[in-house]
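Morning, everyone. Please look at the structure as it comes up.

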Amino acid sequence: ASLESAKKLAAYKAVDLHVQNNSIVGVGSGSTVVYAVERLAERVKNEKLNVQCVPTSFQARQLIIQHRLHLTDLEIHPRLDVCIDGADEVDSTLTLIKGGGGCLLQEKIVASCAKELIIIADYTKNSQKLGEQYKKGIPIEVVPMAYLPIKTQIENQLGGTVELRMAKAKAGPVVTDNGNFILDWKNFQDYKWDTINTKLNLIPGVVETGLFVNMAKKAYFGLADGSVKEQI
Ligand code: DER
């Protein structure tokens, strides 16, 4: 199966198993989630489901609106039944790297409000340890004025190299949906990720990290042979 069909398999399985009538659903960001929104819209139409969706980015918001799904937010629904989202890498303990698409802040907030975070991904995200397959670094959202001292502090305290994420379709750095910059921390060694997540979040100017520790309840990986592997 192609990478895209692997993504679709995982997305459909997650929507079919974790969404029911009256579900309040957190919609993640990225390319895999597109298939989940497609399946959600199909099920809402065919089964006349009452589902409301909380977006995790401008992209997710557009997907919800384009598929005529009911848009809501955390002010109306501070508690969600499920959040379905992608990941850049998943390790053997279900610790995630997220933020490859630059949407980690709202993703982590919405995921934290959901009873269960369900991850959908293709087989290239399924690793034993973080950094095995995903080589673009751990994303860290930072307040723009502080990016350089934060970069220096991470490199001095934790090693590796930290790069300011530059935009492709715009001159200068990537600016997130929240008006912040993204740093990508590469060549990191194997760490206790909950400790690292806390250390990083304590650095003044760090808004959030792409380390999702002890958050995911389950991950569905679409495999090359057309099957879906579940990891809990
Ligand atoms: O940026 C993000 O956190 C996305 O969810 C990313 O981790 C997964 O994006 P993909 O489904 O396009 O690989």
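Which residues come nearest to the ligand, of the 15 around it? They are Ser31, Thr32, Gly101, Glu107 and Lys125. Keep in mind that this is a predicted model.

Take Lys125: a polar atom of its side chain sits 2.6 Å from a ligand oxygen. Next, Thr32. An N or O atom in the Thr32 side chain is 2.7 Å from an oxygen atom of the ligand. Then Gly100. Here the backbone supplies the N or O atom, and the distance to a ligand oxygen is 3.3 Å.

Stay with Thr32. It belongs to helix α2, residues 32–47. Helix α1 covers residues 3–18. How do the two helices meet? Their axes come within 8 Å and cross at roughly 45 degrees. Angles from 65 to 115 degrees would count as roughly perpendicular, and those under 35 as roughly parallel. So α1 and α2 are oblique to each other. The crossing is right-handed.

Who makes the contact? From α1, it is Glu4, Lys7, Lys8, Ala11, Tyr12, Val15 and Asp16. From α2, it is Thr32, Tyr35, Ala36, Glu38, Arg39, Leu40, Glu42 and Arg43. By class, that contact has eight charged residues, six nonpolar and one polar.

Note on methods. Residues are numbered from 1 along each chain as its sequence is written. This is a predicted model: local features need pLDDT of at least 70, side-chain atom pairs count only at pLDDT 80 or more; totals for chains, interfaces and linings use all residues. Side-chain values use heavy atoms; hydrogens and water are left out. Axes are lines fitted to C-alpha atoms, for helices over the stretch in contact, and angles run from 0 to 180 degrees between N-to-C directions. Helices (H or I, at least four residues) and strands (E, at least two) are DSSP runs, numbered from the N terminus. Angles under 35 degrees count as roughly parallel, over 145 as roughly antiparallel, 65 to 115 as roughly perpendicular and the rest as oblique. A crossing is left-handed if the near helix is turned anticlockwise from the far one by less than a right angle, and right-handed if clockwise. Contact means heavy atoms within 4.5 Å. Ala, Val, Leu, Ile, Met, Phe, Trp, Tyr, Cys and Pro count as nonpolar, Asp, Glu, Lys and Arg as charged, and the others, Gly among them, as polar. A residue is near a molecule or strand if one of its heavy atoms lies within 4 Å of it. A polar contact is a pair of N or O atoms within 3.5 Å; within protein, one must be able to donate a hydrogen and the other to accept it, and residues adjacent in sequence count only if both atoms are side-chain atoms.
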